[in-house]
Amino acid sequence: MTSGTAEFSQALKPRVLLDSRSLPLPAVRRIQESWLAALEKHALLWLAPRAPSCIGSDHLTMLGMVAQLGAGACFALARWNKHALLGVILCLALNWLGDSLDGTLARVRQHLRPRYGFYVDHMVDSFGALALMGGLACSGYMHPWIAIGLLIAFLMLSIQSYLATHTLGEFRLSFWRFGPTELRLLLAAGNLTLLWKPRVHLLGGYYKLFDAGGVIGLAGMTLMLVSFTAQNTVRLYREERISN
């Protein structure tokens, strides 16, 4: 017990901690295979060099976070005024700009901070997802339990992605050709539809549009989670076989 404590204390020497903080992230392969990936990359590479010098990546990250918080607030306000759904669409557009352009701007300007960017971006995404699903749960357009289920599925997929980044050196930005941009567009289209048709006829009954869409989305995210978890588990098992 004493030797274990000594080893632990040795590992916590300030010099060792300082050296570990200076280490770069291992090489990580970004996997982006969404339907709109090529078009989005072209747009971002056009926008980044034209961004004013007074605007940095942190400003864009903040814009993306505030916009997603705004989208959640607009969903909540839509409970009393359906035209707040139009505010959600505007916020989603601003969220795309901030969330997608911040990394591209850093790479174009060679202002790379990989560990900082990775940590901050994904914590911002988590808080943003909480705000968005919270707003939907309060909106009256989606049952709260469906919104909670979507939030849990999103966070589980995020955990899976971060673990794969660490263990496999692959950071997946899309699943089955769907990425954040495609999801934003689907959500925007759903908002426009809500303005004139908030309920749909399905399987012999009438349901809220976002309840039906949420259940379908939840089923798809669950399948993605199970599929990629099984795939990565088998891959890691094969790569780290125990020889007899």
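**A walk through the helices**

The structure holds zero disulfides. Please keep in mind as you read on that this is a predicted model. To be counted here, the two cysteine sulfur atoms would have to lie within 2.5 Å. Cys-54 has 61% relative accessibility, so it counts as exposed. Cys-138, at 44% relative accessibility, counts as partly exposed.

Let us turn to the interior. In soluble globular proteins, nonpolar side chains tend to be buried together. Here, the largest nonpolar core has 33 residues.

Now follow H9 along its length, residues 209-239, and look for its packing partner H7, residues 144-168. How do these two helices run relative to each other, parallel or antiparallel? Their axes are 9 Å apart and meet at an angle of about 20°. Angles under 35 degrees count as roughly parallel, and that is why H7 is described as roughly parallel to H9. The crossing of H7 past H9 is left-handed. In the contact between H7 and H9 you will find 15 nonpolar residues, together with seven polar and three charged ones.

A second pair to visit is H4, residues 57-77, with H5, residues 84-109. The angle in this pair is about 160°, and the axes lie 7 Å apart. Since angles over 145 degrees count as roughly antiparallel, H4 and H5 are therefore roughly antiparallel to each other. H4, too, makes a left-handed crossing, in this case past H5. Sorted by class, the contact of H4 with H5 has 16 nonpolar residues, eight polar and two charged.

To finish, zoom in on one residue of helix H5, Ala-93. Is Ala-93 buried, partly exposed or exposed? With 45% relative accessibility, Ala-93 counts as partly exposed, because that category lies between the limits of 20% and 50%.

Definitions and conventions:
Residues are numbered from 1 along each chain as its sequence is written. This is a predicted model: local features need pLDDT of at least 70, side-chain atom pairs count only at pLDDT 80 or more; totals for chains, interfaces and linings use all residues. Side-chain values use heavy atoms; hydrogens and water are left out. Axes are lines fitted to C-alpha atoms, for helices over the stretch in contact, and angles run from 0 to 180 degrees between N-to-C directions. Helices (H or I, at least four residues) and strands (E, at least two) are DSSP runs, numbered from the N terminus. Angles under 35 degrees count as roughly parallel, over 145 as roughly antiparallel, 65 to 115 as roughly perpendicular and the rest as oblique. A crossing is left-handed if the near helix is turned anticlockwise from the far one by less than a right angle, and right-handed if clockwise. Ala, Val, Leu, Ile, Met, Phe, Trp, Tyr, Cys and Pro count as nonpolar, Asp, Glu, Lys and Arg as charged, and the others, Gly among them, as polar. Buried means under 20% relative accessible area, exposed over 50%, partly exposed in between (1.4 Å probe, protein chains only). A nonpolar core is a set of buried Ala, Val, Leu, Ile, Met, Phe, Trp, Tyr and Cys residues joined through side-chain atoms within 4.5 Å.
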